[in-house]
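The following questions and answers examine one protein structure step by step. Please look at the sequence and the structure before reading on.

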Number of protein chains: 2
Amino acid sequence: VSAERASELRVIPVTGLPEFELGMTVGEEIAARAAVEDGDVVVVSQKVVSKAEGRVVSLADSVPGADARRLAAELGKDPALVELILAESAVVVRAVGGVLITETHHGFVCANAGVDSSNLPEEATVALLPEDPDGSARRIRAEISAVAGARVGIVVSDSFGRAWRLGQAEVAIGCAGIAPLDDWRGRTDADGRPLGATLIAVADEAAAAADLVRDKASGVPAAIVRGLGRFVTEEDGPGAAALRRPRDEDLFR
Amino acid sequence: VSAERASELRVIPVTGLPEFELGMTVGEEIAARAAVEDGDVVVVSQKVVSKAEGRVVSLADSVPGADARRLAAELGKDPALVELILAESAVVVRAVGGVLITETHHGFVCANAGVDSSNLPEEATVALLPEDPDGSARRIRAEISAVAGARVGIVVSDSFGRAWRLGQAEVAIGCAGIAPLDDWRGRTDADGRPLGATLIAVADEAAAAADLVRDKASGVPAAIVRGLGRFVTEEDGPGAAALRRPRDEDLFR
């Protein structure tokens with residue numbers, strides 16, 4: 001990743017995408033509707049990736065165990081939903097005041113293990129996060145490359161709450177072909193002074209930028225961020241796994 | 001704030017800005033160099049705002065008290081720096097492993113109370129956050145309005161670490177003329193299903209988008225985000241104060 005003069009960034013919504021269902025090929029659908037170029041970063045909402053991967057489940061098929069029933073009663077949540085959340089979780093981080101924050105099996109700390117009930121076609125279904133969001137990103141990258149011949153970066157994004165700030169912001173839960181972090185540690189600023197602990201979460205910021213062209217009601221689940229070519233890599237790279245803070249460095253459990 | 005069809009977003013770096021010093025007028029300098037339009041959101045790095053407001057202090061002028069000396073020894077930090085951090089803080093949230101996370105007097109939870117030593121012209125000086133970042137944003141907004149006649153939103157941004165993710169992402173510490181949160185709670189998705197707890201931190205996402213055109217070494221401290229006119233308001237509005245999670249809703253102290 002090399003430094004480059006500041007230049008303009010464009011965020012272009014990908015419109016006209018179909019409702020995604022199990023077995024649909026997300027990268028092909030995007031490449032068919034957007035003029036993707038080398039160096040683009042394509043940000044795809046987790047929800048459509050989950051749908052295409054069949055990660056949509058019916059609450060009626062979830063049989064809550066004792067832990068889920070107890071926690072659901074404490075939190076005032078649906079026991080079947082809590083069962084699904086626990087099945088997606090490695091550790092419960094906080095369960096208080098109606099809020100359930102867990103660490104997912106991938107290692108992401110977020111509300112409800114990312115299990116989400118909005119923007120789904122059938123009632124009483126919920127979407128789970130992709131089983132391997134970095135793998136999803138790699139596959140979408142290969143699909144776009146096959147159709148469009150372009151070398152792009154892919155970010156699979158989801159909206160996470162934040163410990164000390166209100167509202168959600170979109171972050172990268174998976175990525176491929178993009179350097180997730182821009183590491184300025186050891187480099188110097190314009191005056192030759194060392195830049196302290198400056199490690200920029202580029203993939204998260206790209207996810208956030210893409211969210212700004214999305215309208216939650218209009219169903220625009222993908223956007224192209226153009227102008228980040230300096231972060232697009234030949235290799236698929238470390239993925240969003242590199243953005244997880246290791247558990248032993250977590251000061252807030 | 002009304003919904004609007006998805007349309008493209010542009011992030012345009014403001015280049016050619018001078019080195020900022022006490023008394024300089026940030027909004028005028030930006031308006032003199034950028035063709036600002038109605039509906040633009042202008043994102044300005046905290047650092048230049050702090051410099052223009054004289055919030056740059058010399059470590060040599062900081063006399064560490066007993067608390068600062070003790071904490072500095074524990075953390076392996078400069079006692080003079082820790083004294084400045086404590087003076088900016090209402091509460092120490094975590095002090096462990098060389099990391100000092102506090103709640104600032106404004107109510108922001110961040111590392112080192114936002115006290116930062118990079119990108120400053122003189123050695124052994126540090127920049128404190130603006131005393132009233134929402135006030136700074138309101139003033140910059142009025143300055144740009146006076147010069148350019150445009151109704152814009154202003155975000156004063158800083159890079160914050162995150163509890164469970166590596167790297168920093170830019171967030172809004174001050175804003176004016178922009179709805180900081182886009183509240184979809186109670187609204188429905190494309191299929192008429194209620195959108196759960198969807199409250200989008202628009203001002204933070206705008207700050208993150210702006211960061212992507214910034215090069216930490218090249219000194220581009222401001223960017224225009226064009227395409228967010230639906231969030232730009234007549235009034236200055238609640239500011240980034242609305243993005244702080246109230247202390248009694250904080251699950252992670």
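Q: Are Asp204(B) and Arg165(A) buried or exposed?
A: The model is a predicted one. A residue counts as buried when its relative accessible area is under 20%. Asp204(B) falls in this class, and Arg165(A) does too; the answer for both is buried.

Q: Which kind of contact do the side chains of Asp204(B) and Arg165(A) make?
A: Asp204(B) belongs to helix H6 (residues 202–211) of chain B, whereas Arg165(A) sits in the loop between strand E8 (153–161) and strand E9 (168–176) of chain A, and the pair therefore crosses between chains. Side chains of opposite charge can pair when their charged atoms come close. Here the N to O distance is 2.7 Å, and a cut-off of 4 Å applies. The contact is a salt bridge.

Q: Which residue of chain B forms a salt bridge with Arg10(A)?
A: Arg10(A) lies in strand E1 (residues 9–13) of chain A, and its partner lies in the segment before strand E1 (9–13) of chain B. The closest N and O atoms are 2.5 Å apart, and the partner is Glu8(B).

Q: How far from Arg94(A) is the nearest side chain of opposite charge?
A: Arg94(A) is part of strand E4 (residues 89–96) of chain A. Arg94(A) is buried and has no salt bridge, for which a distance within 4 Å would be needed. The nearest side chain of opposite charge belongs to Asp250(B), and its distance is 7.4 Å.

Q: Which residue in the turn between E4(A) and E5(A) has a positive phi?
A: E4(A) and strand E5 (residues 99–104) of chain A pair in the antiparallel sense over six bridges, with Ala95(A) standing opposite Leu100(A). The two strands form a hairpin with two residues between them. The residue with a positive phi, of about 60°, is Gly97(A).

Q: What is the order of strands in the open sheet of chain B?
A: This sheet has three strands with antiparallel pairing. Its edge strands, each pairing on one side only, are E4 (89–96) and E6 (109–111) of chain B. The order is E4-E5-E6.

Methods:
Residues numbered from 1 in each chain as written. Chains lettered and ligands numbered in written order. Predicted model: local features only at pLDDT ≥ 70, side-chain atom pairs only at ≥ 80, totals over all residues. Heavy atoms only, no water. Pairing = 2+ DSSP bridges. Helix = DSSP H or I, 4+ residues; strand = E, 2+ residues; numbered from the N terminus. Buried < 20%, exposed > 50% of the residue type's maximum accessible area, 1.4 Å probe, protein only. Lys, Arg positive; Asp, Glu negative; His and termini not counted.
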